[in-house]
Amino acid sequence: MMAIPARPRPPPASWWWWRRWTKRDWAIAAVAVTAFLFLLSSLSDDPRRGRGAGARPPDAADLVGLTLLRDASAKGALCLDGSAPAYHFSKGFGSGSDSWLIHIEGGGWCSSISSCSSRAKTKLGSSAYMEQQVSFAGILSSEPSQNPEFFNWNKVKIRYCDGASFSGHPQSEPKDKEGRIFFRGQLIWKALMDELLSAGLSTACQAFLTGCSAGGLATLIHCDDFRELLPKDATVKCLADAGFFLNEKDISGNDTMRSFYHDVVQLQGVQESLNKDCVASKEPSDCFFPEEIIKNIRTPVFLVNPAYDFWQIQNVLVPIGSDPSESWKKCRLNIQACTPSQLKTLQGFRDSLLRAISEFQKSKEGGMFINSCFIHCQTWIGETWHSPNSPRIDNKTIAESVGDWYFNRRAVKQIDCPYPCNPSCYNMNFS
């Protein structure tokens, strides 16, 4: 797998191991490898080199150990397999000692007993399979050069192990105790917050709840609750990265994503965690979509989303089974391989995203960075969050735009021009 720029160089005759890459090539390749690891649910990056002034020592900043939730069984807060939930915590320092950034890991959902049982045998369903240490990069980095606004904050990465964006409820669990599966997402959220509040979050002067993909959806679901847990005079905001999943038909005209969300919501009783007015007036699974969730969020929210999110193109727009002729086989893996008619369909998908966020765009407190890249999450990867080669809109990186918004330096409603106009994009190539 290889990532290539939006405006590619002429391809070489071969990609031998001894090819002399430029720094830009290595940065692009690093994003490709990171995205591949994301697809394999291995959400950790390589430690960064060349540390800036004020950063913590490498052993403290780069690798962060796993912490299991205390008294998980007594609290009923359990991963799919019944193991204790977990998180990674990097203590803040200096001026960031009283500020907290919490990031919720992504990793999709499970929609059946079978898929949840399979997931329970992985690190997305059991802390027994989670890495003992992960590297903090991007928005979690302790390097000022990579994370200028939040490098010295208390930072927490919450591991994702419930399969329903921390919104499942135990009353929906199957009664068969043999090979039992636990639906405890909401209880995990509450127990984790209680533990972090006792660790200092309760006195935070600034707090930022963020998340990637399914973790971005969890961020939207729990944003107002997060605000309610903290001091009234604290600055509290939320950010969803690649978490704005669309309620759109696929290319064959089927409601694949809506049907999938229906199964997730029904299986784990997710409606209990969703807005009550929405659930009362709509099909509950519709209320699991961000377009509905953001209508009721009172806390300031920032949306980071690629207009050509490869996960959504591959799973919402062109899911497996929707293209029996395989005419989309190349396009869904590499946007540069799309035909003019396929690009027209992708532009229509972008238009659907812009319509879905049109009311949110009018919000005075909301912010957004919608770029025209074929990528998924971008905030926890150093190369896409803030680096010399990061994607930009109006010459601003994602980190700069988010910082300007969080600290009220300017309004940030950045919407990129349509593909392929932005040469700073990282466009993934899975072919």
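A salt bridge is taken here as a side-chain nitrogen of Lys or Arg within 4 Å of a carboxyl oxygen of Asp or Glu. In the predicted model examined here, a search of the whole structure under this criterion returns 17 salt bridges.

One of the salt bridges joins the side chains of E105 and R159, with an N to O distance of 3.1 Å. This pair connects distant parts of the chain, the two residues being 54 positions apart. E105 belongs to the loop between β4 and α4, whereas R159 belongs to the loop between β6 (154-158) and α5 (185-198). Both partners fall below the 20% limit for burial: E105 counts as buried because its relative accessibility is 2%, and R159 counts as buried because its relative accessibility is 1%.

The loop between β4 (99-104) and α4 (113-119) also contains G107. The C-alpha atoms of G107 and R159 are separated by 9.7 Å in space, and the two residues by 52 positions in sequence. When residues up to four places away in sequence are set aside, G107 is in contact with R119, L124, Y160 and A214. The relative accessibility of G107 is 19%, and this residue therefore counts as buried, the cut-off being under 20%.

A further salt bridge is formed between the side chains of R184 and E173, at 2.4 Å from N to O. R184 is buried, as is E173.

Another pair consists of R410 and D404, whose closest N and O atoms lie 2.7 Å apart. The two partners belong to separate accessibility classes, defined as buried under 20% and exposed over 50%, with partly exposed in between. R410 has a relative accessibility of 29% and so counts as partly exposed, while D404, with a relative accessible area of 7%, is buried.

How values were computed:
Residues are numbered from 1 along each chain as its sequence is written. This is a predicted model: local features need pLDDT of at least 70, side-chain atom pairs count only at pLDDT 80 or more; totals for chains, interfaces and linings use all residues. Side-chain values use heavy atoms; hydrogens and water are left out. Helices (H or I, at least four residues) and strands (E, at least two) are DSSP runs, numbered from the N terminus. Buried means under 20% relative accessible area, exposed over 50%, partly exposed in between (1.4 Å probe, protein chains only). Contact means heavy atoms within 4.5 Å.
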